[in-house]
Amino acid sequence: ADNWWKLWADVKKSLSAGNESADDLERQIRANPTNSFLVSRYLQFVDAGINLSIVESSPIKSNVTAYTRDVSWLADVVAGTAYGAFDLAILLQSAHPETSVGLLKKALSLEFTEKDARLFAESAFRGASIAPEVKNPEKQLRVWTKSALVDIYRRTNQPQLAQPIVEELT
């Protein structure tokens, strides 16, 4: 499926239909902002160098390169919940660490709702063949969020910001 997606994206771009297709994906995301698969596809489409996969979207590893189209609107549309803010931050962490830090802080500040619990259950382990049972999804999301913050602070050479979070996590 990914190969067909990449071929489709390349054909659209070669036919100078890239902006129209990106606009169409944007409309679809605005209509369904909780669809992280659509968001991933959109981010992949706006820059051919982006190769998002479930593994690369993890808080542990992300290999995203710079974007060629403004994606800041996603923060307002997609990040309305704690899990939504976290999920988008992970997708953007390598290309836009400053934006990602803001989204991760937003995720920590937002109340964990039933919608977050549902999104967590549907999306958190989407790449796992057998999803582990998580007794406290809110606590797990907070740990992942703080761990992602530490990782970004470490990569951007800001150990003074990472230190208190590491102490809190240990």
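A: A residue is called buried when its relative accessible area is under 20%, exposed when over 50%, and partly exposed in between (1.4 Å probe, protein chains only). Phe120, with a relative accessible area of 4%, is therefore buried.

Q: What kind of model is this, and how are residues numbered?

A: This is a predicted model, in which local features need pLDDT of at least 70, side-chain atom pairs count only at pLDDT 80 or more, and totals for chains, interfaces and linings use all residues. Residues are numbered from 1 along each chain as its sequence is written, and side-chain values use heavy atoms, with hydrogens and water left out.

Q: How many aromatic pairs does a search of the whole structure find?

A: Rings of Phe, Tyr and Trp (its six-membered ring) pair if their centres lie within 6.5 Å; planes under 30 degrees apart count as stacked, over 60 as edge-to-face and the rest as tilted. The search finds five aromatic pairs. In one of them, the ring centres of Tyr83 and Phe120 are 6.2 Å apart and the planes stand at 85°, so this pair is edge-to-face.

Q: Which pair is formed by Phe120 and Trp144, stacked or edge-to-face?

A: Phe120 and Trp144 are stacked, with 5.5 Å from centre to centre and 25° between the planes. At 18% relative accessibility, Trp144 counts as buried. Ring pairs join Tyr83, Phe86, Phe120 and Trp144 into a cluster.

Q: Which residues does Leu141 touch?

A: Contact means heavy atoms within 4.5 Å. Not counting residues up to four places away in sequence, Leu141 touches Ala82, Tyr83, Phe86, Phe112 and Phe120. Leu141 is buried, with a relative accessible area of 0%.
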